[in-house]
Amino acid sequence: MNQSKPMTLREKNRLRARQELLDVVLDLFSEGGLSACSMDVVAKRVGASKTTAYSHFPGGVDEMLRELYTLVSRRVVASAREAHDEKTAAAEKILALAEALLSVCAEKKVGHFYMMLSPVLSPLLEPVVGYASAAFRDMITSDLATVGFAPEHAEPVSVLLTGAMRECAREVAKSPDRLSEMLSTFDALSRLIVEQFPKTCSGV
């Protein structure tokens, strides 16, 4: 059985330094958006030289923002998949995905960044955007199939539900106190679709 070797102190320090840089970028983005983020300011905030900052992220702020977005996406999917797999009913599984996403987006700085796809930021993040949505669509498509959705209906309905989930997440990112409201609204919508759509399509 192969076991990964424990990280050396140097590797741990490098990982810690990278995380500190990412934390600062998130703070700066929260304070002033993309225009507030620069390698000069990032390096100054962590007490390092710009050369040191570039040694961790040669692609500069753009690379840091993509890395940050990727880490949040992976966190969302890991949390969502775990909660989803603990449920048995399709509607509960779908709600578990929404709860995971909206809970992360209720974290003020994280939600503001993760849901902020402005015309300037979108092209920069394009290579890494879509990971969570694709994972959610796959899980929801599978869930819908278990309750009688035909294959030609399950996939487009999963797209619809994932889109609705993201819109709820945008609202929570702007106003975290709306978390419960948006979750209950999404739950009502998804349950209605899960329970009624197959009957409607079958002519019952």
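Helices (H or I, at least four residues) and strands (E, at least two) are taken as DSSP runs and numbered from the N terminus. On this basis, the secondary structure of the protein comprises 10 helices and zero strands, and the order of elements from the N terminus is α-α-α-α-α-α-α-α-α-α. The structure is a predicted model, in which local features require pLDDT of at least 70 and side-chain atom pairs are counted only at pLDDT 80 or more, whereas totals for chains, interfaces and linings draw on all residues. Residues are numbered from 1 along each chain as its sequence is written, and side-chain values rest on heavy atoms, with hydrogens and water left out.

The overall dimensions were examined next. The C-alpha trace of the protein extends over about 70 × 50 × 30 Å along its principal axes. Its accessible surface, calculated by the Shrake-Rupley method with a 1.4 Å probe, with only the protein chains shown counting as cover for residues, amounts to about 11200 Å², and carbon and sulfur atoms contribute 54% of that surface. A residue is termed buried under 20% relative accessible area, exposed over 50%, and partly exposed in between (1.4 Å probe, protein chains only). Of the 204 residues in the protein, 38% are buried. Contacts are defined by heavy atoms within 4.5 Å; among those between residues at least 6 apart in sequence, 68% join residues at least 24 apart. The mean positions of the 24 positive and 26 negative charges lie 7 Å apart.

A disulfide is a covalent bond between the sulfur atoms of two cysteines. The structure contains zero disulfides. For C37, the closest cysteine sulfur is that of C105, at 18 Å, which is too far for a bond. The sulfur of C168 likewise has its closest cysteine sulfur in C105, and the separation of 11 Å is too far for a bond. C37 is buried, with a relative accessibility of 10%, and C168 is buried at 8%.

Helix 2 covers residues 39–46, and M39, V42 and A43 are buried within this helix. Viewed down the axis of helix 2, the buried residues fall within an arc of 95 degrees, and they therefore line one face of the helix; the arc is that of the directions from the helix axis to the C-beta atoms. An α-helix has 3.6 residues a turn, so residues three or four places apart point the same way. Helix 2 is followed by G47, which has a positive phi near 75 degrees.

Helix 3 (residues 50–56) includes H56. The relative accessible area of H56 is 9%, so this residue counts as buried. Apart from neighbours within four places in sequence, H56 contacts R14, A17, R18, L21 and E63.

Two loop positions were also examined. K87 lies in the loop between helix 4 (60–86) and helix 5 (90–105), and is partly exposed at a relative accessible area of 36%. Beyond its neighbours within four places in sequence, K87 is in contact with E92, K93 and A96. K87 and D177 are 90 residues apart along the chain, and their C-alpha atoms are separated by 26 Å. S175 occupies the loop between helix 9 (151–174) and helix 10 (179–202); with a relative accessible area of 26%, S175 is partly exposed. Between S175 and A80, 95 residues apart in sequence, the C-alpha to C-alpha distance is 21 Å.

Helix 10 contains T185 and E195. T185 is partly exposed, at 44% relative accessibility, and E195 is partly exposed, at 46%. The C-alpha atoms of T185 and M64 are 35 Å apart in space, with the two residues 121 apart in sequence. E195 and V147 are 48 residues apart along the chain, and 8.4 Å separates their C-alpha atoms.

Key. A disulfide is a pair of cysteine sulfur atoms within 2.5 Å. Lys and Arg count as positive and Asp and Glu as negative; His and the chain ends are not counted. The place of a charge is taken as NZ of Lys, CZ of Arg, CG of Asp or CD of Glu.
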